[in-house]
Amino acid sequence: MPMANNPINMKERNPKSIGSFTYYSLTSSCSMFFKWLRGIFRKVKKRNAEINDKSSIASDPEDSNHEKVDILFVQDTTGSQRPYIEAATAAIRTICQKISRTTNLDQDNIRFGLIAFRDHPPQDMTYVTKDFGFSSDISIMEKNLKSLKGSGGGDGPEAQTAALAEALRMDWEEKAAKIVVLITDSPPHGIGASHDAFDAERSLDIARRMAEQGITLFVVGCEPELGTYKNAVDFYKGLSEITSGKMFPLTDADQLGDYVVGTALEAIAMENLITRYQKNIVRSVYGKSKPVEEVVDDMDKRLKDMGVKMNTIEVENIYNVTEKTEANKNFWKTASDIAAARKMVWEIEGPMYQEEYYSAGQEEYSSRPAAWRAPAVVIQETSVGRSQAERIVMQSLMRNSKVTANGMTKRTSIWKK
């Protein structure tokens, strides 16, 4: 440093110039010293930032846990759905209590909504959809569910797409975890089911708009009816995955309450992590041009290092999973529209169910199995794994992007890069 290399020797200076020389030399040396010190600070700060970028995604200190949740039932009310409507009505109060107790949420901050649907005229002349809105008053939700009557339905496929479009227009709480639970035993129009009286609809586009709005779709497929429809299971798997949701098989109506509780607990836990990390995830991908896989790796490492745990639901799979069924699911998930996907999917012969879940003596594909073994349902707190880390990253990006069949095409958020 200048002060060390050029010491000031007062005895060697002319007494008449000592004052001015000393002032000039000390001022110059101090200025250079502080400039050097600032440079060191900048290097340390930059190095720390590089370390953080390489090791993990930092959380945003301004964000806190979500304290609200909106759960929307999209309920098929055609004739075969009567036991599921009754099960939802009987379980709704317990569902609210379990969610509140497990998450420490005030029950006033848990809103339930309901959309009932049947079919389009002339297949059904009663109604296509019926919107009951949201309410935190469980008595209102019970009353709304009790008002539903399972009847009608026409050609097999029903008005699921119209109901999901209605769900997008609901008065969602901006800061809440947003969940749609579609309960049905039939496919929507247009995916290739026999005796379908209507052409393709825009359900894939609706799911992508849901993803942009932070709405997670869970599909509860009521079996054994749903699995008898061509393309239905693979379609619903692909549709729900667009929003990072899941499709579950339900063979026992009495288990419906557990399904709703499990999906709600998992979605709330996921929402808290998304809220905490999404700004830095978006900045990493759009601001720093990091590959998404690398950001997922960073998130996975950070959450494991922190020992983060979350509530999850796992439902035992009852379906046959093959290369063709997986390909079909991905066709539905990534197609530009229903008509395009329908041209690509493989024809699947035989039942969708695994043999152990239906009577061995049952051979007719379209017949109801004589006996069922209900799939195991496990709701528990588990360590966050890579699949959850990937969902956190993907949902964070979708909420700040234009989501298309080809992926996320542009950033829509206005945070600083």
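Visitor: What volume does the largest cavity have?
Guide: This is a predicted model, and every value here is computed from it. The structure holds one cavity of 30 Å³ or more. The largest cavity has a volume of about 40 Å³.

Visitor: Which elements each supply at least two residues of the lining of the largest cavity?
Guide: The lining consists of A177, K178, I179, G214, T216, A267, M270, E271 and Q395. By class, those residues are four nonpolar, three polar and two charged. At least two come from each of β4 (177-184) and α8.

Visitor: At what angle do helix α8 and helix α12 pack?
Guide: Two packed helices are described by an angle and a distance between their axes. Helix α8 spans residues 256-287 and helix α12 spans residues 386-398. Their axes lie 7 Å apart, at an angle of about 65°.

Visitor: Which residues of α12 does α8 meet?
Guide: α8 passes α12 in a right-handed crossing. By class, this contact has 10 nonpolar, four polar and two charged residues. The α8 side is E266, M270, L273, I274, Q278, I281, V282, V285 and Y286. On α12 they meet Q388, R391, I392, V393, Q395, S396 and L397.

Visitor: Which residues of α8 make the contact with α3?
Guide: Helix α3 (residues 82-103) and α8 pack at about 35°, with axes 8 Å apart. The crossing is right-handed. From α3 come Y84, A87, A88, A91, I95, K98, I99, T102 and T103. From α8 come L256, G257, D258, V260, V261, A264, L265 and I268.

Visitor: How many nonpolar residues are in the contact of α3 with α8?
Guide: Sort that contact by class. Three of its residues are polar and two are charged. The nonpolar residues number 12.

Visitor: Is N311 buried or exposed?
Guide: N311 sits in strand β7. Leaving aside neighbours within four places in sequence, N311 is in contact with T102, L265, E266, A269, Q380 and E381. Its relative accessibility is 18%, and the cut-off for burial is under 20%, so N311 counts as buried.

Visitor: Which residues lie nearest the centre of the largest pocket?
Guide: The largest pocket has a volume of about 920 Å³. Its lining has 32 residues. They divide into 13 nonpolar, nine polar and 10 charged. Nearest the centre lie E241, S244, G245, K329 and K333.

Visitor: Which element gives the most to the lining of the largest pocket?
Guide: Several elements each supply at least two lining residues, including α7 (232-242), β6 (247-250), β7 (309-315) and α10 (323-334). β9 (401-404) and β10 (407-411) are also among them. With six residues, the top contributor is α12.

Visitor: Why is α7 largely enclosed by the rest of the structure?
Guide: Count its buried residues. They are A232, V233, D234, F235, Y236, K237, G238, L239, S240 and I242. α7 is largely enclosed because the buried residues number 10 of the 11.

Visitor: What is the phi of S244?
Guide: Most residues other than glycine have a negative phi. S244 is not a glycine, yet its phi is positive. S244 lies in the loop between α7 and β6, and at 11% relative accessibility it counts as buried. Its phi is about 70°.

Visitor: Is S289 buried or exposed?
Guide: S289 is found in the loop between α8 and α9 (292-306). S289 also has a positive phi, about 55°, although it is not a glycine. Its relative accessible area is 59%, and the cut-off is over 50%, so S289 is exposed.

Visitor: Which residue does a cis peptide bond join to E223?
Guide: Most peptide bonds are trans. Here omega is about 15°, and the bond is cis.

Visitor: What is omega for the peptide bond from P121 to P122?
Guide: P122 lies in the loop between β2 (110-117) and β3 (129-135). The bond from P121 to P122 is cis, with omega near 5°.

Visitor: What percentage of the residues of the chain count as buried?
Guide: The secondary structure comes to 12 helices and 10 strands. Among contacts with a separation of 6 or more, 80% are between residues 24 or more positions apart. Of the 417 residues, the buried share is 48%.

Definitions and conventions: Residues are numbered from 1 along each chain as its sequence is written. This is a predicted model: local features need pLDDT of at least 70, side-chain atom pairs count only at pLDDT 80 or more; totals for chains, interfaces and linings use all residues. Side-chain values use heavy atoms; hydrogens and water are left out. Axes are lines fitted to C-alpha atoms, for helices over the stretch in contact, and angles run from 0 to 180 degrees between N-to-C directions. Helices (H or I, at least four residues) and strands (E, at least two) are DSSP runs, numbered from the N terminus. A crossing is left-handed if the near helix is turned anticlockwise from the far one by less than a right angle, and right-handed if clockwise. Contact means heavy atoms within 4.5 Å. Ala, Val, Leu, Ile, Met, Phe, Trp, Tyr, Cys and Pro count as nonpolar, Asp, Glu, Lys and Arg as charged, and the others, Gly among them, as polar. On a 1 Å grid over the protein atoms alone, a cavity is a set of points where a 1.4 Å probe fits but cannot get out, and a pocket is an open set with protein on both sides within 12 Å along at least five of seven lines; lining residues have an atom within 4 Å of a point. Grid points are joined across faces, edges and corners, and a volume is the space filled by probe spheres set on the points. Buried means under 20% relative accessible area, exposed over 50%, partly exposed in between (1.4 Å probe, protein chains only).
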